[in-house]
Amino acid sequence: MDDQVEEGLHWTGFSYSFTDSGFYEVAYYRAGANPTDPKCTKGIIQWQHGKYQKASNGSLILNPITVDGRQLMSDPCLYENSVYTRYQQQEVFKQYEVLVNPFDKAMRLNLYGWDGTPLNPMYLAYRPPQMLPTQTLNPTKTASAGASQSSGTTKTKRDVDGDHDGLVRDALSRNAMLKQSAYADRIWWLGVGLTALGGVGYFCF
């Protein structure tokens with residue numbers, strides 16, 4: 001599947017979509033300001049889908065399809081290009097509420113993190129939800145059609161924090177791996193070299 005976004009994103013936020021048959025999709029777009037250097041604003045986009053389950057204790061567990069998740073991170077003052085990687089993260093919500101908002105009568109979803117911290121409320125936009133196909137979009141030899149969990153991952157504790165003009169291209173590319181610029185590599189090796197030089201200078205002088 002070849003899915004592309006041809007426009008820059010303009011608003012930060014997050015969205016969760018659920019089906020009655022047990023599938024979900026989630027998208028995040030977050031920005032981190034840098035007050036000392038405004039041109040160094042950081043941005044991150046994350047997307048996942050998979051299956052959810054309602055636990056007997058009232059919690060909600062989201063299990064992503066491990067090979068499909070993607071993350072795009074932009075840090076213009078550290079990397080010349082955005083960093084594009086695979087991404088998978090199980091989420092656990094301690095509880096959830098579906099209710100009618102008393103002010104505008106819109107359907108509202110309240111999610112509470114693993115520790116009970118509430119997320120910003122979400123309001124129903126589409127019914128049925130507008131989602132990509134729920135099966136594995138980027139199959140590999142070990143991937144199944146359903147959601148799976150990384151063997152090293154348990155109920156991961158993750159919270160949500162509440163302007164990046166990069167384009168997300170080939171968002172579900174079969175061969176998408178870490179794409180880090182040569183500029184970032186040069187910065188790393190420069191740091192190693194300076195550290196070594198400092199060590200030599202310490203012992204010599």
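Rings of Phe, Tyr and Trp (its six-membered ring) count as a pair if their centres lie within 6.5 Å. With that cut-off, this predicted model holds 6 aromatic pairs, and Phe14, Tyr16, Phe18, Tyr28, Tyr52 and Phe93 form one aromatic cluster.

**The aromatic cluster**

- A pair of aromatic rings is described by the distance of the centres and the angle of the planes.
- Since tyrosine 16 sits in strand β1 (residues 13-18) and tyrosine 28 in strand β2 (residues 23-32), their pair ties together parts that are 12 residues apart in sequence.
- Tyrosine 16 has a relative accessible area of 9%, so it counts as buried, the cut-off being under 20%.

**A lysine over a ring**

- Look at phenylalanine 23 and you'll find lysine 51 over its face, 5.2 Å from the ring centre.

**Arginine 86**

- Arginine 86 belongs to strand β6, which covers residues 83-86.
- With a relative accessible area of 27%, arginine 86 is partly exposed, because that value falls between the 20% limit for buried and the 50% limit for exposed.
- Its side chain reaches the backbone oxygen of valine 67 at 3.0 Å.
- Arginine 86 is 39 residues away from tryptophan 47 in sequence, while their C-alpha atoms are 9.6 Å apart in space.

**Backbone spots to check**

- The peptide bond running from arginine 127 to proline 128 is cis, with omega near 0 degrees.
- You'll find proline 128 in the loop between β10 (122-123) and α1 (182-204).
- Lysine 105 isn't a glycine, yet its phi is positive, near 65 degrees.
- Lysine 105 is in the loop that links β8 (95-100) and β9 (107-112).
- Is lysine 105 buried or exposed? At a relative accessible area of 61%, lysine 105 is exposed, as the cut-off for that is over 50%.

Note on methods:
Residues are numbered from 1 along each chain as its sequence is written. This is a predicted model: local features need pLDDT of at least 70, side-chain atom pairs count only at pLDDT 80 or more; totals for chains, interfaces and linings use all residues. Side-chain values use heavy atoms; hydrogens and water are left out. Helices (H or I, at least four residues) and strands (E, at least two) are DSSP runs, numbered from the N terminus. Buried means under 20% relative accessible area, exposed over 50%, partly exposed in between (1.4 Å probe, protein chains only). A polar contact is a pair of N or O atoms within 3.5 Å; within protein, one must be able to donate a hydrogen and the other to accept it, and residues adjacent in sequence count only if both atoms are side-chain atoms. Rings of Phe, Tyr and Trp (its six-membered ring) pair if their centres lie within 6.5 Å; planes under 30 degrees apart count as stacked, over 60 as edge-to-face and the rest as tilted. A charge sits over a ring if NZ of Lys or CZ of Arg is within 6 Å of the ring centre and within 35 degrees of the ring normal.
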